[in-house]
Amino acid sequence: GGIEAVVSAMRRHEHVSGVQEQACAALMSLAYRNNANQITITEEGGIKAIVSAMRRNEESVGVQEQACWALKNLACNNCNQTAIAKAGGIEAVVSAMRRHEHVSGVQEQACAALMSLAYRNNANQITITEEGGIKAIVSAMRRNEESVGVQEQACWALKNLACNNCNQTAIAKAGGIEAV
């Protein structure tokens with residue numbers, strides 16, 4: 001089907017950023033509020049393909065933004081939260097935030113991805129903190145004060161991360177209370 005074709009195109013054209021960006025956008029749309037598609041994307045290797053696209057196209061703003069958005073939608077499925085973490089998705093999202101710290105679109109979608117990955121998932125909450133996600137979120141808030149989207153998604157991500165008691169302290173130490 002269509003999902004298999006998209007993931008296959010990502011594998012065949014792994015070094016073509018335009019293909020990767022549009023494929024991530026397609027998977028993002030296909031995963032939006034569609035649990036069956038979220039599962040199929042994972043089964044077809046879509047999560048690994050997205051994380052691979054992020055690693056191979058670190059300088060591409062478009063790939064990073066669309067990939068974060070796709071991971072956000074895929075992480076609405078609890079099993080996918082774990083699969084994304086195992087594939088290195090959390091590290092890739094935080095890396096995108098560091099590399100593109102002044103690009104509000106990347107920051108907004110990366111915060112949204114971390115929000116979704118942290119939702120009711122203690123293991124991911126810990127991993128996000130260990131990978132520097134809290135500092136990256138707070139930094140995004142400070143660098144993008146005028147972006148309503150960044151502020152909203154960052155607050156939501158911090159809310160989900162604060163469900164872990166240790167993260168509450170980490171958020172405070174990173175300046176998260178002042179940023180909010």
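Predicted model: local features only at pLDDT ≥ 70, side-chain atom pairs only at ≥ 80, totals over all residues.
User: Start with helix 2. How many residues does it have?

Analyst: Helix 2 covers residues 17–31 and has 15 residues. It reaches 21 Å from its first C-alpha to its last, close to the 21 Å expected at 1.5 Å a residue. The expected span is 1.5 Å times one less than the number of residues. Helices here are DSSP runs (H or I, at least four residues), numbered from the N terminus.

User: Which of its residues are buried?

Analyst: Q20, A23, C24, A25, L27, M28 and A31. Buried means under 20% relative accessible area, exposed over 50%, and partly exposed in between (1.4 Å probe, protein chains only).

User: What do they pack against?

Analyst: Helix 1 (2–12), helix 3 (35–43), helix 4 (46–56) and helix 5.

User: Where is Q66, and what does it touch?

Analyst: Q66 lies in helix 5, residues 61–74. It touches E21, C24, A25 and M28, leaving aside residues up to four places away in sequence. Contact means heavy atoms within 4.5 Å.

User: Is Q66 buried or exposed?

Analyst: Q66 counts as buried because its relative accessibility is 14%.

User: What comes just after helix 2?

Analyst: R33, with a positive phi of about 50°. R33 is not a glycine. It is found in the loop between helix 2 and helix 3.

User: Which other residue has a positive phi?

Analyst: R120 has one, near 50°, and is not a glycine either. R120 is found in the loop between helix 8 and helix 9. R120 is exposed, with a relative accessible area of 73%.

User: New topic. How many residues are in the largest nonpolar core?

Analyst: The largest nonpolar core has 53 residues, and I50 and I137 have the most contacts inside it. The largest share of this core, eight residues, comes from helix 8. A nonpolar core is a set of buried Ala, Val, Leu, Ile, Met, Phe, Trp, Tyr and Cys residues joined through side-chain atoms within 4.5 Å.

User: What does I137 touch?

Analyst: M97, C111, L114, A154, A157, L158 and L161, not counting residues up to four places away in sequence. I137 is also one of the buried residues of helix 10.

User: Now the largest pocket. How much space is in it?

Analyst: About 280 Å³. Of the 16 lining residues, the closest to its centre are K72, C76, M115, S116 and W156. On a 1 Å grid over the protein atoms alone, a pocket is an open set of points where a 1.4 Å probe fits, with protein on both sides within 12 Å along at least five of seven lines; lining residues have an atom within 4 Å of a point. The volume is the space filled by probe spheres set on the points, which are joined across faces, edges and corners.

User: Which helix gives the largest share of the lining?

Analyst: Helix 11, with three residues.

Notes. Residues numbered from 1 in each chain as written. Heavy atoms only, no water. Helix = DSSP H or I, 4+ residues; strand = E, 2+ residues; numbered from the N terminus.
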